[in-house]
Amino acid sequence: LELVRGDPAPASIHLISRHPLREQQFDTHQEWMMDRAAAGRSKEGGGHGLPRRQLAFQQCGCRKERRQIIARERIPGTVTSAVNRGKDGLQYAIAKGAV
C-alpha cells in the first residue's frame, strides 16, 4: 500500500475496523454474482435459474428495504488476497508498523 502525497515524508495510516479483517474474494455471498444470462443458462440446464436472494431483492419495491437487504447481505471486514497479501499488501504494512 502506498499513500501518494506531494511531500516525501511518510504518512501515518490508522486502520479502524469493527471486525477482524478476513480475506475473501468478494464481500457478499456468491449468489449475488449471478447475472440474468447465467441464470438463463442455469434454468436451461435444469437448475433453478435466478438465486432466491436475487428474486427476493427484485420483488422488493421499497428503496429503504433494499438498502437493509444490501447491508444485511454484505460480509464486513473482507479484503481481497491482492490487497491483503499482494506486493506490499496490507498484512505486510501492518507487520512493519506502517498501518
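1. Basis. This is a predicted model: local features need pLDDT of at least 70, side-chain atom pairs count only at pLDDT 80 or more, and totals for chains, interfaces and linings use all residues. Residues are numbered from 1 along each chain as its sequence is written, and side-chain values use heavy atoms, with hydrogens and water left out.

2. Salt bridges overall. Side chains of opposite charge can pair when their charged atoms come close. Here a salt bridge is a side-chain nitrogen of Lys or Arg within 4 Å of a carboxyl oxygen of Asp or Glu. The whole structure holds five salt bridges.

3. Glu23 and Arg85. These two residues form a salt bridge, and their closest N and O atoms are 2.5 Å apart. The pair links distant parts of the chain, 62 residues apart: Glu23 is in strand β1 and Arg85 in helix α4 (residues 81-85). Helices (H or I, at least four residues) and strands (E, at least two) are DSSP runs, numbered from the N terminus. Glu23 is partly exposed at 35% relative accessible area. Arg85 is partly exposed too, at 45%. On this scale, buried means under 20% relative accessible area, exposed over 50%, and partly exposed in between (1.4 Å probe, protein chains only).

4. Asp27 and Arg74. Their side chains meet in a salt bridge, 2.6 Å from N to O. Asp27 lies in the loop between β1 and α1 (36-44), and Arg74 in the loop between α3 (63-73) and β2 (78-79), so the pair ties together parts 47 residues apart in sequence. Asp27 is partly exposed, with a value of 29%. Arg74 is also partly exposed, at 45%.

5. Arg53 and Glu73. This salt bridge spans 2.9 Å, N to O. Arg53 belongs to helix α2 and Glu73 to helix α3, so the contact ties together parts 20 residues apart in sequence. Arg53 is partly exposed at 28%, whereas Glu73 is buried at 18%. The pair is part of a network: salt bridges link Glu31, Arg53 and Glu73.

6. Gln54. This residue sits in helix α2 (residues 52-59). Is Gln54 buried or exposed? Gln54 is buried, with a relative accessible area of 11%. Contact means heavy atoms within 4.5 Å. Leaving aside neighbours within four places in sequence, Gln54 is in contact with Glu31, Trp32, Met33 and Met34.

7. Cysteines. How many disulfides does a search of the whole structure find? It finds zero. A disulfide is a pair of cysteine sulfur atoms within 2.5 Å. The sulfur of Cys60 has its closest cysteine sulfur in Cys62, 5.7 Å away, which is too far for a bond. Cys60 is buried at 10% relative accessibility, whereas Cys62 is partly exposed at 33%.

8. Surface patch. Leu15, Leu21 and Ile94 form a nonpolar patch on the surface, with about 240 Å² of accessible area together. Patches are made of residues with over 30% relative accessible area and no salt bridge; like charges are joined within 9 Å, nonpolar side chains (Val, Leu, Ile, Met, Phe, Trp, Tyr) within 5 Å. Accessible areas come from the Shrake-Rupley method with a 1.4 Å probe; for residues, only the protein chains shown count as cover. Leu15 lies in the segment before β1 (22-23). Leu15 is partly exposed, at 47% relative accessible area.
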